[in-house]
Amino acid sequence: MLGSSARASTNHRQHYFLENPSSLSSLRHISSSKSNGNANQHSFTVSYLVSKCGFSLKSALEASKRVNYVTLHKPDSLLSFFKDHGFSENQTLKLTRKCPELLLYNPDKTLLPKLEFLYSKGVSTTDVAKIISFYPWILRCSLENQLVPAFDYLKSWFPNDTIVQVFKSTPLVLQLNPVTVKYIFQILRDNGVPDKNIVMLARSHPKTLLLSPKKFNKVFCKVRTMGLDPCKTQFVIAILALTSMSRSTWEKKLDVYRRWGLCREEILAAFAKSPWFMTLSEEKVVAVMDLFVNKLGWESSFIAKNPTLVSYSLEKRLTPRASVLQFLVSQGLIEKSFRSTTFFIASENKFLQQFINQRAESTQILKLYREKLNLSR
């Protein structure tokens, strides 16, 4: 004879299937492919995930290997919990699909303290919902052993509002190991990297703090061998660039520049001057080099010696000004051998004053320039 709890569980499941007849198709699929014992164990969980959480049958079957709901009470209470704390239905479904284990948690005992911790640090209800739906695994971390220690260590380096901004951009930063971060910061400090640059690195690319000591040390040594000065901002930007791409991606970008006649030494020298030189997409590199080398006739070596040129917007800066330069050369107003970084990096007012306004043809040149600028909008 069934006990009262077993009867309640059976009644919950029967009631659920009566209210959700579409879920019976999932049940039949499972029953046809599993033994009766296994079908009884997984069918309710799979059907719930499909009907209430928007899982596909395949993903629900996979999730049912990790979670098993006996009654509606626990998963329903979790869905209600997220709704009561400002999560939209879409956000709730999104986080449960990513991390169905959360539907097994005790909302008041396990989840609420973590949300309240984030609220207490200045993260708004709206932002918490947005962040958690994007990265729900943060709720699986221990509050006392992970979230609080990680936040406290970051607080020793950043003001509170900065930590919140870092967390909003990279939620997994609160999963960092304070011991590892301390090791990374100490290496940088011991080698002359100013604190303000360490903070800049952590703010702009907090994923760097999640590297293992071994991997970070490898990147750090590589940057040192390139001859960059640890006191300069370029040093930490180089670390950021190298940690943001795989070895294969790095090699592909070297190949792109090689196709324009640059040797490895020239490329690495350009990277040392301006690390952003190696962070551009292949399409951007090809387009910029085509503009300077093929259309303007400049040497690729000149671009490598002045690598900041490639970082400017093609549409809003390089192409409109290149059109002006082509016009000036075609009219004999500037020698074809003219090479100047100022022409492209000067502020808008300085560019107009130095290269357009003072010329007799200024009206015609300005019209051409503005036409090219308008095309970029």
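1. Helix α12 (residues 195-204) packs on α14 at an angle of about 30°, the axes being 9 Å apart. Axes here are lines fitted to C-alpha atoms, for helices over the stretch in contact, with angles from 0 to 180 degrees between N-to-C directions. α12 and α14 are therefore roughly parallel to each other (angles under 35 degrees get that label; over 145 is roughly antiparallel, 65 to 115 roughly perpendicular and the rest oblique). Helices are DSSP runs (H or I, at least four residues), numbered from the N terminus.

2. A word on what we're looking at: this is a predicted model, where local features need pLDDT of at least 70 and side-chain atom pairs count only at pLDDT 80 or more, while totals for chains, interfaces and linings use all residues. Residues are numbered from 1 along each chain as its sequence is written, and side-chain values use heavy atoms, with hydrogens and water left out.

3. Back to that pair: α12 crosses α14 in a right-handed sense (the near helix is turned clockwise from the far one by less than a right angle). On the α12 side you'll find Asn197, Met200, Leu201 and Ser204, meeting Thr233, Val236, Ile237, Ile239 and Leu240 of α14; contact means heavy atoms within 4.5 Å. By class that is 6 nonpolar, 3 polar and no charged residues. Ala, Val, Leu, Ile, Met, Phe, Trp, Tyr, Cys and Pro count as nonpolar, Asp, Glu, Lys and Arg as charged, and the others, Gly among them, as polar.

4. Next, α9 (residues 143-155) and α11 (residues 178-190): their angle is about 20° and their axes lie 10 Å apart, which means α9 is roughly parallel to α11. This crossing is right-handed. Pro149, Ala150 and Tyr153 of α9 touch Pro178, Val181, Lys182 and Phe185 of α11, giving 6 nonpolar, no polar and 1 charged residues.

5. Now the largest pocket, with about 310 Å³ of space. A pocket is an open set of points on a 1 Å grid over the protein atoms alone, where a 1.4 Å probe fits, with protein on both sides within 12 Å along at least five of seven lines; lining residues have an atom within 4 Å of a point. α13 (213-225), α14 (233-243) and α15 (247-258) each give two or more lining residues, and α13 has the largest share, 4 residues. The lining includes Lys215, Arg247 and Trp250, and splits into 4 nonpolar, 2 polar and 4 charged.

6. The second largest pocket holds about 170 Å³. Its lining has 3 nonpolar, 3 polar and 3 charged residues, among them Lys52, Phe87 and Glu89.

Terms used: Grid points are joined across faces, edges and corners, and a volume is the space filled by probe spheres set on the points.
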